[in-house]
Amino acid sequence: MSNLIDYLKLSERKPNMKLNIYSMYDQAAQAYLPPVYLENDNVAKRAIQNAVNTQDHQFNQNPADYTLFHLGEWDDCTATITMLKTPNVLAKCNELLTITE
């Protein structure tokens with residue numbers, strides 16, 4: 001029964017939703033973190049700013065190591081991912097840090 005309820009909840013979602021794909025680059029690891037899918041650049045920046053200004057978050061511990069990138073777009077109607085030719089830098093965590101010790 002819960003599978004049917006989950007399906008009905010999903011079917012209520014509006015079709016034709018395109019989400020942007022974002023990832024954080026970790027300079028120390030020289031690798032990108034797993035991607036996240038969000039509505040737009042402002043939502044992505046806000047999420048990262050909230051994380052970098054949370055005392056115990058990894059982005060707060062070493063903010064100079066992390067950079068937010070916009071990588072592309074996910075289309076849920078066609079199941080296609082369109083990547084940007086070059087990842088676009090949106091923000092560096094150390095520039096979003098507003099709290100001090």
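## Strands and how they pair

Two strands count as paired if DSSP finds at least two bridges between them. Helices (H or I, at least four residues) and strands (E, at least two) are DSSP runs, numbered from the N terminus. With those terms in hand, let's look at this predicted model, where local features need pLDDT of at least 70 and side-chain atom pairs count only at pLDDT 80 or more, while totals for chains, interfaces and linings use all residues. Residues are numbered from 1 along each chain as its sequence is written, and side-chain values use heavy atoms, with hydrogens and water left out.

His70 stands opposite Asn88 in β5. On β1, Asn20 stands opposite Glu73 in β4, and β1 and β4 run antiparallel, joined by nine bridges.

## The chain as a whole

The chain holds four helices and five strands. Read from the N terminus, the order is α-β-β-β-α-α-β-β-α. Among contacts (heavy atoms within 4.5 Å) with a separation of 6 or more, 56% join residues 24 or more positions apart.

Of the 101 residues, 28% are buried; here buried means under 20% relative accessible area, exposed over 50%, and partly exposed in between, with a 1.4 Å probe and protein chains only. The chain exposes about 7200 Å², with carbon and sulfur atoms supplying 53% of that area. These areas come from the Shrake-Rupley method with a 1.4 Å probe, and for residues only the protein chains shown count as cover. Strand β4 is largely enclosed by the rest of the structure, because eight of its ten residues are buried.

## The nonpolar core

A nonpolar core is a set of buried Ala, Val, Leu, Ile, Met, Phe, Trp, Tyr and Cys residues joined through side-chain atoms within 4.5 Å. The largest one here has 13 residues, and those with the most contacts inside it are Met24, Ile48, Phe59, Leu68 and Cys93. Two or more residues each come from β1 (18–26), α2 (41–52), β4 (66–75), β5 (80–92) and α4 (93–96). Helix α2 gives the largest share, four residues.

Ile48 is a handy place to start exploring: leaving out residues up to four places away in sequence, Ile48 touches Met24, Phe59, Leu68, Cys93 and Leu96. In soluble globular proteins, nonpolar side chains tend to be buried together.

## Around Leu90

Leu90 sits in strand β5 and counts as buried, at 15% relative accessibility. Beyond residues up to four places away in sequence, Leu90 touches Tyr22, Asp41, Lys45, Leu68 and His70. Leu90 and Asn42 are 48 residues apart in sequence, yet their C-alpha atoms are 9.4 Å apart in space.

## Salt bridge and cysteines

A salt bridge is a side-chain nitrogen of Lys or Arg within 4 Å of a carboxyl oxygen of Asp or Glu, and by this rule there is one. Lys18 and Asp75 form it, at 3.9 Å from N to O. The pair links distant parts of the chain, with Lys18 in strand β1 and Asp75 in strand β4, 57 residues apart. Lys18 is partly exposed at 46% relative accessible area, whereas Asp75 is buried at 12%.

What about disulfides, meaning pairs of cysteine sulfur atoms within 2.5 Å? The count is zero. Cys77 is partly exposed, at 43% relative accessible area, while Cys93 is buried at 0%.

Conventions: A disulfide is a pair of cysteine sulfur atoms within 2.5 Å.
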